[in-house]
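Student: Could you show me how to read the contacts, the core and the helix packing of a protein model?
Tutor: Let us look at it together.
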Amino acid sequence: MSMSVGSSSEDDMMVEMNTTPLIDVMLVLLIMFIITIPVQTHAVKMNMPTNSASSPPPKPPEIVRIDVDFDGTIGWNGELVANRAELQTRLYRLSLLPDQPEVHLRPNKLVTYKYVAMVMAEAQRLGVTKIGIIGNEQFMN
């Protein structure tokens, strides 16, 4: 008498997946995660600076406000700039200062772009580094 170990027909295919390698990989990953978790919970001690009473608070920066009106006229801290040469002279004096003040450029809502671009280009060409446009909320609507 002989015993049949496999199926008698070769047409039957094995439809079950071998999960042993998958389980092995998952166990290895689980062990790696368990090993690395205590390393991540260690705290790093840092020496943070303390505020001493002898150090003065930092002074606020000086601000120069340049207004560009709807017709292209330019104002410098509230006073009218006569022409482009005077604007260049004032911007050049700003660039020579060791601690440059901040330049806040405030264009009118109705001004054409060429006047604002001219002021920004002159400031950049003459070496003014701290310049920003303020009053953008007027352009939201």
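Student: Leaving aside its neighbours within four places in sequence, which residues is Ile-66 in contact with?

Tutor: In this predicted model, and with neighbours within four places in sequence left aside, Ile-66 is in contact with Ile-74, Gly-75, Trp-76, Leu-91, Val-103, His-104, Leu-105, Arg-106 and Val-119. Ile-66 also belongs to the largest nonpolar core, which has 18 residues, and is among those that touch the most other members, together with Ile-74, Trp-76, Leu-87, Leu-91, Leu-94 and Val-119.

Student: Which elements each supply at least two residues of this core?

Tutor: They are β1 (63–68), β2 (74–76), α2 (84–96), β4 (102–107) and α3 (113–125), and the largest share, 4 residues, comes from α3.

Student: Is His-104 buried or exposed?

Tutor: His-104, which lies in strand β4, counts as buried because its relative accessibility is 19%, and the cut-off for buried is under 20%.

Student: How are two packed helices described?

Tutor: Two packed helices are described by the angle between their axes and by the distance between those axes. Here the axes of α2 and α3 come within 9 Å and cross at roughly 40°, which means that α2 is oblique to α3. The crossing in which α2 passes α3 is right-handed.

Student: Which residues make the contact?

Tutor: From α2 come Arg-84, Leu-87, Gln-88 and Leu-91, while α3 brings Met-118, Val-119, Glu-122, Ala-123 and Arg-125. Sorted by class, this contact of α2 with α3 has 5 nonpolar, 1 polar and 3 charged residues.

Terms used. Residues are numbered from 1 along each chain as its sequence is written. This is a predicted model: local features need pLDDT of at least 70, side-chain atom pairs count only at pLDDT 80 or more; totals for chains, interfaces and linings use all residues. Side-chain values use heavy atoms; hydrogens and water are left out. A nonpolar core is a set of buried Ala, Val, Leu, Ile, Met, Phe, Trp, Tyr and Cys residues joined through side-chain atoms within 4.5 Å. Buried means under 20% relative accessible area, exposed over 50%, partly exposed in between (1.4 Å probe, protein chains only). Contact means heavy atoms within 4.5 Å. Axes are lines fitted to C-alpha atoms, for helices over the stretch in contact, and angles run from 0 to 180 degrees between N-to-C directions. Angles under 35 degrees count as roughly parallel, over 145 as roughly antiparallel, 65 to 115 as roughly perpendicular and the rest as oblique. A crossing is left-handed if the near helix is turned anticlockwise from the far one by less than a right angle, and right-handed if clockwise. Ala, Val, Leu, Ile, Met, Phe, Trp, Tyr, Cys and Pro count as nonpolar, Asp, Glu, Lys and Arg as charged, and the others, Gly among them, as polar.
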